[in-house]
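Subject: Structure for your review

Dear colleague,

I am handing over the structure below, and I would be grateful if you could read it alongside the notes that come after.

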Amino acid sequence: MDKKMLKQKKTGQIIVISAPSGAGKGTVIGKLLERDNKSRWLSISATSRKPREGEEEGVNYYYLTEDDFKEKIDDNFFLEYTNYAGNYYGTPKKYIKEKIDQGIDVLLEIEIEGATNIKKLIPEAIFIFIMPPSLKTLVKRLKKRGTESNDKIIKRFHEAYKEINEVTKYNYVVVNDEIDDTVDKIEAILKAEKCRVDRIEEVYLDTKEEEIHELLMEDEEVFVNTGLGDKLQWK
Ligand code: 5GP
């Protein structure tokens with residue numbers, strides 16, 4: 001006889017990952033998926049911004065015109081959406097529930113306003129903020145990207161600076177200094193979250209007295225009678 005004592009939720013979790021641009025979020029998420037793309041799924045957002053060099057439709061984003069984006073807002077297509085630095089960004093609702101029900105974790109790579117909206121809708125989601133190791137590194141990374149004009153870089157720097165102040169809205173903060181270490185930490189968070197007591201669906205404490213007795217007596221070698229009534233002591 002071997003009875004399980006717990007039934008835990010098998011559903012996937014929603015993991016919201018935010019970071020100021022230049023924190024290295026893209027690399028972190030890429031690595032997370034490289035390590036495991038079976039039990040993790042990255043939601044691809046829609047945006048009204050133009051593709052950057054090297055970006056692909058359906059891989060980085062679904063690129064829409066502003067009008068099409070607005071139409072989709074009216075159609076209730078998005079779980080959340082926002083206007084960030086002059087462009088629309090939104091998380092399509094489609095597939096998210098399906099993935100969660102299949103036990104697959106859903107990663108949402110979104111900015112802070114979107115994360116705040118998700119928190120209202122799905123308070124049990126996990127909110128992780130990735131920080132650059134220092135302001136100097138942040139500036140260096142923003143410049144290195146080289147796909148944007150100076151004005152845009154400055155604008156993004158100011159945005160990033162403001163965003164770092166919002167870190168306390170999140171459950172976890174991970175400083176991205178060394179990529180593998182960063183991803184190890186995120187994986188540790190995801191593992192720990194699976195063990196939360198609020199993921200318990202049922203505790204089986206209905207075992208009958210006789211069954212307990214039988215279990216205790218099953219391997220007599222383990223116990224010795226101490227002579228103190230019927231109290232048992234480990235050998
Ligand atoms: P980028 O233009 O650099 O690709 O993205 C700008 C910001 O928009 C990033 O912080 C990114 O995480 C965020 N973002 C991307 N997709 C979404 C989305 O679907 N919703 C929200 N709220 N933000 C998003």
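Predicted model: local features only at pLDDT ≥ 70, side-chain atom pairs only at ≥ 80, totals over all residues.

Residues are numbered from 1 along each chain as its sequence is written, and side-chain values use heavy atoms, with hydrogens and water left out.

**The five-stranded sheet**

Five strands make up an open sheet with parallel pairing, in the order β3-β8-β2-β9-β10; helices (H or I, at least four residues) and strands (E, at least two) are DSSP runs numbered from the N terminus, and two strands pair if DSSP finds at least two bridges between them. The edges are held by β3 (40-42) and β10 (172-175), each of which pairs on one side only. From one strand to the next the twist averages 25°, where axes are lines fitted to C-alpha atoms, for helices over the stretch in contact, and angles run from 0 to 180 degrees between N-to-C directions.

Strand β3 runs parallel to β8 (residues 105-109) and is joined to it by three bridges, with arginine 40 having aspartate 105 as its bridge partner in β8. Strand β2 is joined to β8 by four bridges, again in parallel, and pairs with β9 in the parallel sense over four bridges. Isoleucine 17 has a partner in each of these strands, namely glutamate 109 in β8 and isoleucine 128 in β9.

As for burial (buried means under 20% relative accessible area, exposed over 50%, and partly exposed in between, with a 1.4 Å probe and protein chains only), five of the five residues of β2 are buried. Ile14, Val16 and Ser18 point one way from this strand, while Ile15 and Ile17 point the other way. In a regular strand the side chains alternate between the two faces of the sheet.

**The four-stranded sheet**

A further open sheet has four strands in the order β5-β4-β7-β6, with mixed pairing. Its edge strands, β5 (62-63) and β6 (78-84), each have a single partner strand, so one side of each is left without a neighbour in the sheet. Six bridges join β6 to β7 (residues 87-92) in antiparallel fashion, and in β7 the bridge partner of tyrosine 84 is asparagine 87. Helix α2 (residues 66-74) packs on this sheet and touches β4 (46-47), β6 and β7, its direction making about 40° with that of β7; contact here means heavy atoms within 4.5 Å.

**Nonpolar cores**

A nonpolar core is a set of buried Ala, Val, Leu, Ile, Met, Phe, Trp, Tyr and Cys residues joined through side-chain atoms within 4.5 Å. The largest has 22 residues, and those with the most contacts inside it are Ile14, Val16, Leu108, Ile118 and Phe127. At least two residues of this core come from each of β2 (14-18), α3 (96-101), β8, α4 (112-121), β9 (126-131), α5 (135-145) and α6 (150-164).

Once its neighbours within four places in sequence are set aside, leucine 108 is in contact with Ile14, Ile15, Val16, Ile17, Ser43, Thr91, Ile96 and Ile118.

**Single residues**

Tyrosine 170 is found in the loop between α6 and β10 and, at 9% relative accessibility, counts as buried. Not counting residues up to four places away in sequence, tyrosine 170 touches Ser18, Glu111, Ile112, Ala115, Phe127, Ile128 and Phe129.

Most residues other than glycine have a negative phi. Alanine 85, in the loop between β6 and β7, has a positive phi of about 45° although it is not a glycine, and is partly exposed at 31% relative accessibility. Tyrosine 95, in the loop between β7 and α3, has a positive phi of about 80° and is partly exposed, with a relative accessible area of 40%.

With best regards
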